[in-house]
Amino acid sequence: MILLAYILVALVALAIIGLSTTHRCMNSACIIHAFLYLVLTVYVLVFRQVPVASFFIGSQYFFMDNFGLFEVLIASVIFTCAAVYAGGYVESLLRSGELEKSSLKLFYTSWSMLLLVLVLAFFCDNLALFWICAELTTILSAMLVAILSARENIDAAIKYIFIASASMLFSFVGLIFLFEASRRVLADGGTLNWTVLMQHATVLPSGMLVAAFALVFIGFAAKSGIFPFHTWLPEAHAKAPSAVSAILSAVLLNVGIFGIIRVYAIVHQTPAAATMAPVLGLFGFFTVAIAAFSMLPQKNLKKLIAFSSVENMGIILIGIAVSTPLALFWVLFHIMAHSLTKASLFFSAGILHRQYRSRLSTETVDEIWDVFRLQPLAAWGIIIGGLAITGMPLFPIFFSKLFILLSLGTVSLPALFVLLFLLFVAGAALGYFVITAFSQVTAPGIPSDIEPYLTPLTMKIPLVFLICLIVLLGIMFTQGEISFLDRIVQELRF
Amino acid sequence: MIEPAIIQGVIKILLVCVIITAAYIISTRNLISLVSMYSLQSVTLACLALALYAYELAPMLLAIAVITFLSKALIIPYFIATIQEKIRIKRDIEFHFLNPTSSLVLSMALMLVVYMALTRILQGTPSRGENFLFFGAVIGLSLMLMGMMVMLSRKRALTKVLGFLSMENGVLIFGMFVTELPFIIEFLIVIDLIILVLLTTILTVGIDSTLEDYHKRLHRFHLLQGEEDRA
């Protein structure tokens, strides 16, 4: 029944957005929507017996397990922050005429619907239903990318839709194979119900499972920006409004990874895993390599951050390929740490984008001047976020990267060194960009013609909050957190 | 009751028709006949579902036939045709990478690959046993790959949409012949598809458009200047 509460909250939020006329009102509805989801999720985690079988015809379509709740928790934190941030950011888009007032309602409606569909996707027990929800997230997020209705935004959105949806069709063929595989061995007909498939995973025919997983992987890889389907990602993430980039990078990429982990958990229990794990690892390596070397010559901040997302998805994939319980534990931790860090980076980039707006487009070189004088908070946000994302000690990604690397080392030592080198390249690229861009200062005495952009408080608060959260996660490791992640690993039967 | 052998024959003929429409979609340059060809393909699909219904008597197939006919043969083509009139483009002349002849040769090769792959994967399933069911599965996957080729090789976004749609038709054929999915899933997929097509075509207006006001809007953001300087 608790799922009804989620849907009800979304409906109320959508109704408020539909009825309201002011920007402030719509924005508040979105903030409250996401915050209530956060409250609901924490309530379920603390007070309810997980997994919760949910409503809907014998509860075979939806359920809430720890893994789903974990993803929803991340999503609701990011969405709350991003909604607060959007308050100031969208206001400034409106003022500069980049977003038309008439598109405002569409923007917030898609925003709220996206959150609802995402949560439903994470709570799906039926894999085909999950597929449909994932498709809907593509459509809604593409709408948020295209909302500025400049030609380059529409280009990016269309590219995103075409690549993601076409690949997702392959996934669906994979799901048909999975259904057929289960129909052959289960007495009461085929099913795509994840819980049932997990129970009977060991008897599923392994040849068909390989084909099914390979096809399913194509679709979800495209959704999470894995090589060679990553081409849409830098464009869409760089051209979307920064509040949207943050949710694209921090939440939507997780949908793809979520799907891969769910289906891989089934494959993992069969001999087919031996064939699939190296393939996953290989794709992971290619992804990290492509991302790292694309980051090197990158002169545009948002594109650089977008490529860093691709890199992190590659690391996660490598962690899944290692597929020991320890590796999976740190993969989950990495998903969380990456989401929070990436959102904070995009928030900072958004402030810089407003500051240097007229000179900044996605194709040209960023002209960042006097950044510490004009936008000290955003500058430090980029520096701290950059340190965190490259995995410096004291930040959470340090631990997850370290342990994923260590687990990889137990499988293959050369692979470990290759990955280490690639991570070094990526870190160097980020560092090089920050040092060159942030050290551009007009000489003293010469008057600068750049007006400082007055960053509204609503854009500063979420940024500071996220940075504090990252630091806290890096230095504190609570027992509850560990046992929560442990429960997920057990649920996935690794 | 019609004799099964006749139904199987009809199904095989219909499958061949599907392939012919796909070949036409790959090779034609005329956008208007592209849409009507897609519509024809969807009608063939609905007929296939009906023929399968006569064979297996699963009521689900009847529902699929009705939904397919309504959404894909009527609503979506009508919508695309309206958009087409609006953006005043009649032909899609440019091809990337592949010209029509080589795409046709390539699609034949693809069919062969699909045939060999499915022979291995579907070993021992009922659809491998029945000759025409297996034929349907092969045609379905091939149609999907041919649709993908259209998406890759065409330049106009609207043609790409049609490529995507015929990919989706391929998946539907494949699903019908290999297995039977729960109805609610099929239904939701169709809804999902309609939304997707609506959105992409609306966005396409922005890309393919020659409309005056759209250009005006771009001027305001100084996005068009670079292009015009070059022109």
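Is A:Ser206 buried, exposed or partly exposed, and how many C-beta neighbours lie inside 10 Å? With 16 such neighbours, A:Ser206 counts as partly exposed; a residue is buried if 20 or more other C-beta atoms lie within 10 Å of its own, exposed if 12 or fewer, and partly exposed in between, with C-beta atoms placed from the backbone.

The views show a predicted model, in which local features need pLDDT of at least 70 and side-chain atom pairs count only at pLDDT 80 or more, while totals for chains, interfaces and linings use all residues. Residues are numbered from 1 along each chain as its sequence is written, and chains are lettered from A and ligands numbered from 1 in the order in which they are written.

**View 1. A:Ser206 and its contacts in chain A.** A:Ser206 belongs to helix H8 (residues 206-223) of chain A; helices (H or I, at least four residues) and strands (E, at least two) are DSSP runs, numbered from the N terminus. Leaving aside residues up to four places away in sequence, A:Ser206 touches A:Thr270, A:Pro271 and A:Ala272. Contact requires C-beta atoms, placed from the backbone, to lie within 7 Å. A:Thr270 is 64 residues from A:Ser206 in sequence, and the C-alpha to C-alpha distance is 6.7 Å.

**View 2. Packing of H5(A) with H10(A).** The axes of helix H5 (residues 127-146) and helix H10 (residues 242-268), both of chain A, come within 11 Å and cross at roughly 160 degrees. Axes are lines fitted to C-alpha atoms, for helices over the stretch in contact, and angles run from 0 to 180 degrees between N-to-C directions. H5(A) and H10(A) are therefore roughly antiparallel, the term for angles over 145 degrees. H5(A) passes H10(A) in a left-handed crossing, meaning that the near helix is turned anticlockwise from the far one by less than a right angle. A:Phe130, A:Ala134, A:Thr137, A:Ser141, A:Leu144 and A:Val145 of H5(A) meet A:Val244, A:Leu248, A:Leu252, A:Val255 and A:Gly259 of H10(A). By class, this contact has 8 nonpolar, 3 polar and no charged residues (Ala, Val, Leu, Ile, Met, Phe, Trp, Tyr, Cys and Pro count as nonpolar, Asp, Glu, Lys and Arg as charged, and the others, Gly among them, as polar).

**View 3. Packing of H12(A) with H17(A).** Helix H12 (301-322) of chain A and helix H17 (residues 413-438) of chain A pack at about 160 degrees, with their axes 11 Å apart. That makes H12(A) roughly antiparallel to H17(A), and the crossing is left-handed. H12(A) contributes A:Leu304, A:Ser308, A:Glu311 and A:Ile318, and H17(A) contributes A:Leu419, A:Ala426, A:Leu430 and A:Phe433. The classes are 6 nonpolar, 1 polar and 1 charged.

**View 4. Helix H9 (residues 232-239) of chain A.** In H9(A), 8 of the 8 residues are buried, so the helix is largely enclosed by the rest of the structure. Among them are A:Trp232, A:Glu235, A:His237 and A:Lys239. The buried residues of H9(A) pack against H5, H6, H10 and H12 of chain A.

**View 5. The side of chain B that touches chain A.** The contact takes 31 residues from chain B and 33 residues from chain A. On chain B, helices H6 (131-153), H7 (157-178), H8 (183-208) and H9 (212-220) each give two or more residues. H8(B) gives the most, with 11 residues. By class, this side of chain B has 22 nonpolar, 5 polar and 4 charged residues.

Conventions
Contact = placed C-beta atoms within 7 Å. Parallel < 35°, antiparallel > 145°, perpendicular 65-115°, else oblique.
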